[in-house]
Amino acid sequence: MSNLLVLHGPNLNLLGTREPELYGTTTLEDIDRSLAARAVARGATVTSFQSNWEGALIDRIHAARQDGTQALIINPGGLTHTSISLRDALAAAALPFIEVHLSNVFSREPFRHHSYLSPIALGVISGLGARGYELALDYLLDRI
Ligand code: DQA
């Protein structure tokens, strides 16, 4: 059975009410529920984890090295643009991952154009809203 981990970084717990013109009105719960259903339909499982703390996300990635996780989807939020430590954790885990952003970070402020994670990601989806997570899930399930 395929086991995927979905990680959501800082402030993504506020989805639905946070800057809806940028991030839409879908809540994080909606996203996680739809991913879980999509995975079950394909005989796979998805575990979701959100934290506003960089260290908690890093600890969860470390755990993924030993808990049967085969691939990850991560929206690192603002840590995308700042966190060498998150990148190092993903490199250490050596699991394939797709970086997802709800908004198109390249059409936004210049400081959002750089990602510490993208160079080691399998792929990056940016700007497709909640649909980006579903596409990432389908891709990883086709691949693993
Ligand atoms: C985001 C884009 C980031 O720049 C921002 O800090 C977020 C959300 C997105 O999903 O579009 O928190 O990752």
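Colleague: Which residues are around the ligand?

Modeller: In this predicted model, the residues around the ligand are R18, Y23, N75, G77, G78, H81, H101, L102, S103, V105, R108 and R112.

Colleague: What is R18 doing there, in terms of distance to an oxygen atom of the ligand?

Modeller: An N or O atom in the side chain of R18 lies 3.0 Å from an oxygen atom of the ligand.

Colleague: And how far are the polar backbone atoms of G78 and L102 from ligand oxygen?

Modeller: For G78, a polar backbone atom is 3.1 Å from an oxygen atom of the ligand, and for L102 the corresponding distance, again from a polar backbone atom to a ligand oxygen, is 2.8 Å.

Colleague: How much of the ligand does the protein bury?

Modeller: The ligand taken alone exposes 320 Å², and the protein buries 97% of that area.

Colleague: Which pocket does the ligand take up?

Modeller: The space taken by the ligand is the largest pocket.

Colleague: Switching to the strands, why is β1 described as largely enclosed?

Modeller: Strand β1 covers residues 3-8, and five of its six residues are buried, which means that the rest of the structure largely encloses this strand.

Colleague: Which way do β1 and β2 run, and how many bridges join them?

Modeller: They run parallel, with six bridges joining β1 to β2, which spans residues 45-50, and in this pairing L7 has F49 of β2 as its bridge partner.

Colleague: What about β3, how many bridges does β1 make there?

Modeller: Strand β3, residues 71-75, pairs with β1 over five bridges, also in the parallel sense, and the bridge partner of H8 in β3 is N75, a residue that is also listed among those around the ligand.

How values were computed
Residues numbered from 1 in each chain as written. Predicted model: local features only at pLDDT ≥ 70, side-chain atom pairs only at ≥ 80, totals over all residues. Heavy atoms only, no water. Buried < 20%, exposed > 50% of the residue type's maximum accessible area, 1.4 Å probe, protein only. Helix = DSSP H or I, 4+ residues; strand = E, 2+ residues; numbered from the N terminus. Pairing = 2+ DSSP bridges. Near = heavy atom within 4 Å. Polar contact = N/O pair within 3.5 Å; in protein donor to acceptor, adjacent residues only side chain to side chain. Areas by Shrake-Rupley, 256 points an atom, 1.4 Å probe, with all protein chains shown as cover. 1 Å grid on protein atoms, 1.4 Å probe; cavity = no way out; pocket = protein on both sides within 12 Å on 5 of 7 lines; lining within 4 Å. Sits in = over half its atoms within 2 Å of the grid points.
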